[in-house]
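Reader: Take me through this model. I will ask what makes each label hold, and you set the value against the definition.

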Amino acid sequence: MLSRTADNLYWLARYVERAEYLARILDTTLRLTALPLAYVGESNEWASAVATAGCANAFFAAHGEANEETVTEFLAFSTSNPSSIRNCFESARLNARAVRTALTIEMWDTINGAWLELKKWGNGPPSREEFARFLRWVLESSLRYDGSAYRTMLRNDAYWFSRLGVYIERADNTARILDVKYHLLLPAQEQVGGPLDYFQWSSILRSVSALTAYHWVYRENVKPWLVADLLILKDEMPRSLASCYENLVQNLDCIADAYGRQGPAQRQARSVRTRIENIRIEEIFKNGLHEFIGEFIEDNNRLGTAVAQQYLM
Amino acid sequence: MFDEMRGSGGSAGAVRPAYTALADWLAAVKPDVLDFRRREAELLFRRMGITFAVYGDPEAQERLIPFDVIPRILSAAEWEILKRGLEQRVKAVNAYIKDVYHRREILKAGIVPEDLVFQNPVFRPEMNGQRVPYDIYVHVAGIDVVRTDADTFYVLEDNARTPSGVSYMLENREIMLRLFPELFSRYRIAPVENYPDELLQTLKSVAPPTASADPTVVLLTPGIYNSAYYEHSFLADKLGVELVEGRDLVVKDDVVYMRTTQGVQRIDVIYRRIDDDFLDPLVFRPDSGLGVPGLMAAYQAGSVTLANAVGTGIADDKAVYSYMPQIVKFYLGEEPLLKNVPTWRCRESEHLSYVLDHIDELVIKEVHSSGGYGMLIGPKSDKATIAAFRAKLKSNPKNFVAQPTLSLSTCPTCVEEGIAPRHIDLRPFVLTGRDRIRIVPGGLTRVALKKGSLVVNSSQGGGTKDTWVLDR
């Protein structure tokens, strides 16, 4: 297949995944800011949302203060923020138009439909209630896209490249949440355990739709190191770094088998997975959670570069 | 005025045989049913993303071409006449282009003036003496035909470069089949859905002799901002070939390759939907980012076939058009089966003075224009517009031709006030391969939705209809 087609499919999947992640961040932030200060502390949740979305610099270059109005505008509707939900859908559709022939009708319908629907929301909904509806709609669009890709695509290189986009983006998103909130997860916080931390921790889980999963896996109250364990090391948690890398290795192997050749991308993914498989959460804390996440983000970017150089150029 | 359904008898005229079943159906169907289906059709088009862009109109980046649900019907006998005429026309066009770039007999014989060829900006000196596989230049032609009465078809334009619209022909039929199954039970209609197959066979048949038995074909598009991008992606999909942009291609040692996820792959035939000017920045416009550096060299080395060939524009401008009857006779020794609209060439002083005297009766067109832009329809223009155009005409007469206003046939069309006659034309698509000429029955019928308007171009408020060729 054309390198450009693979590139478009890869980015199409990344943008849809990113839109969903942004919607989840906004949703959890709305929940946190609805709580009395005693439960969440004095921290500025809106600033934290911008940091978790990975666009703090761009945001503060454009806005003085992070509050509900500026942050929802910037993360959801802004035309100048390349990673706003609007621009994610816009870019996703541009990529989709460029590879119409590689998409199934269902996938195109979802992306094109989402893009048409987005126009109806204009520069933002008038009320919080409407905004919550908007966020739900974003989640549904992403789920529908993912579902239609999963159900309708031929299992060939087009599918595998599209999955690579999903998992690289997802790994990046999960790592970024952990990176911004890592101080909340450090064992030193253990004795606090007050409502403040509880809501922060559960909000982390909620942003990666893992709150219910947590209870099923641990059958315990929300404890910070278990949150980290779940999001980093648990294979069965679909947004964990471990699960993302299991999938990345698998999809890269499918491509390598089909093309009869392994390369730097396969080796990079395998080495990251091996590291995650062979480390325990205690070790991660001992050597520094922050450092671990930082390295992971760099490794993940390196994989993105390797995939691009090996296949997409 | 001739109406496709009612003939020349006006609104009370007897329904022509091909239209009987349709007329019965229309008489029985409730207006709101028709209106409902019309809106349904629009929704389908919108969801399928069948859009086109209008240049210079940022608001209309992606617009729908209005689709009219009442089909235009041609009887088998009518189609037979058209088909033979189209084949003849395209054969002559190919022979003419070959001649111009090789022996130039038609110029030596004084039939077509030399300066009309050599001073034409679309003449490509790079093609002089250049052989193309099987001497085929125009693999895909879109010949615009209009009708003025029951027996008379005129060719309006021979589009020999990169004619578009065939996706609408195909999609219109799909939509009609979905929305009006009951109508299809009353008629036997020749299918059009085999067009992509015919096109692919045509393209493969003209691969360079060096290509493998199963040549690699690609469709080259300028990209998603091109007005016909939807059609490019649609066709690539139906053909099962890669839709490439210039940046996907690379030329090494005069061979064209595409960049794939498994390294580069050799290409044999390029169905290009990008103008000559933008093909290769090393030879044509150096500022073009759409093309492929080195493509012309590979083409000249014969390692790749371009469809259509480079330089076919010399056959389809409006001044050359006026010579088409002589061109047909010169190469084929036959009388033209399809009529040519009488054309005054303003480059000739006698013609110019006639045109200036009769400017308010004529349609005046720029020689190199397309899309219905830059023309004056004398009988429908006010004095000021005519005066302004007269000045333009006098300052550069060479740039214009004039034709009488034809009274184009009309076809019943759904408009705001109900069903009313609107003017139509027809663009059949003629495929020329090594083995034979293929024409899918029908083509794209365009309709001028404004009452009385003769301009059918989609960029100027035209719509489309499904075109039915009856099976017997």
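Author: Start with a crossing: H6(A) passes H7(A) in a left-handed crossing. The model is predicted, so local features need pLDDT of at least 70, side-chain atom pairs count only at pLDDT 80 or more, and totals for chains, interfaces and linings use all residues. Residues are numbered from 1 along each chain as its sequence is written, while chains are lettered from A and ligands numbered from 1 in the order in which they are written.

Reader: What makes a crossing left-handed?

Author: The near helix is turned anticlockwise from the far one by less than a right angle; clockwise would be right-handed.

Reader: Why are H6(A) and H7(A) called oblique to each other?

Author: Helix H6 (residues 85-98) and helix H7 (residues 105-120) of chain A cross at roughly 140°, and their axes come within 10 Å. Axes are lines fitted to C-alpha atoms, for helices over the stretch in contact, and angles run from 0 to 180 degrees between N-to-C directions. Under 35 degrees is roughly parallel, over 145 roughly antiparallel, 65 to 115 roughly perpendicular, and the rest oblique. H6(A) and H7(A) are therefore oblique.

Reader: Which residues of H6(A) and H7(A) meet?

Author: From H6(A), A:Arg86, A:Phe89, A:Ala92, A:Arg93 and A:Ala96; from H7(A), A:Trp108, A:Ile111, A:Asn112, A:Ala114, A:Trp115 and A:Leu118. Contact requires C-beta atoms, placed from the backbone, within 7 Å. The residues of this H6(A)-H7(A) contact divide into 8 nonpolar, 1 polar and 2 charged. (Ala, Val, Leu, Ile, Met, Phe, Trp, Tyr, Cys and Pro count as nonpolar, Asp, Glu, Lys and Arg as charged, the others, Gly among them, as polar.)

Reader: What makes H8(B) and H9(B) roughly perpendicular?

Author: Helix H8 (residues 195-205) of chain B packs on H9(B) at an angle of about 80°, with the axes 9 Å apart. H8(B) and H9(B) are therefore roughly perpendicular to each other. B:Pro196, B:Leu199 and B:Leu200 in H8(B) meet B:Leu235, B:Lys238 and B:Leu239 in H9(B). This H8(B)-H9(B) contact has 5 nonpolar, no polar and 1 charged residue.

Reader: How many helices and strands does chain A have?

Author: Chain A comes to 16 helices and 0 strands. These are DSSP runs numbered from the N terminus: helices are H or I of at least four residues, strands E of at least two.

Reader: Why is chain A called as compact as a globular protein of its length?

Author: Its radius of gyration is 19 Å, close to the 20 Å that the globule rule gives for 313 residues, so the label holds. The radius is taken over C-alpha atoms, and the rule is 2.2 Å times the number of residues to the power 0.38. The C-alpha atoms of chain A fill a box of roughly 55 × 50 × 35 Å along the principal axes.

Reader: What are the corresponding values for chain B?

Author: With 472 residues, a compact globule would have a radius of gyration near 23 Å; chain B has 22 Å, which agrees. Chain B has 14 helices and 21 strands. Its C-alpha atoms fill a box of roughly 65 × 60 × 45 Å, taken along the principal axes.

Reader: Where do the domains of chain A lie?

Author: Domain 1 spans 1-153 and domain 2 spans 154-313. Such bounds come from an automatic or database domain assignment. The centres of the two domains of chain A, over C-alpha atoms, are 20 Å apart. In contact are 29 residues of domain 1 of chain A and 26 residues of domain 2 of chain A. H1(A) gives the most to the domain 1 side, with 17 residues. That side divides into 17 nonpolar, 6 polar and 6 charged.

Reader: How many residues does each chain give to the contact between chain A and chain B?

Author: The contact takes 16 residues from chain B and 16 residues from chain A. The side of chain B that touches chain A has 5 nonpolar, 5 polar and 6 charged residues.

Reader: What stands out at B:Tyr134?

Author: B:Tyr134 has a positive phi of about 60° although it is not a glycine. Its place is the loop between helix H5 (114-118) and strand S2 (140-149) of chain B. Most residues other than glycine have a negative phi.

Terms used
Contact = placed C-beta atoms within 7 Å.
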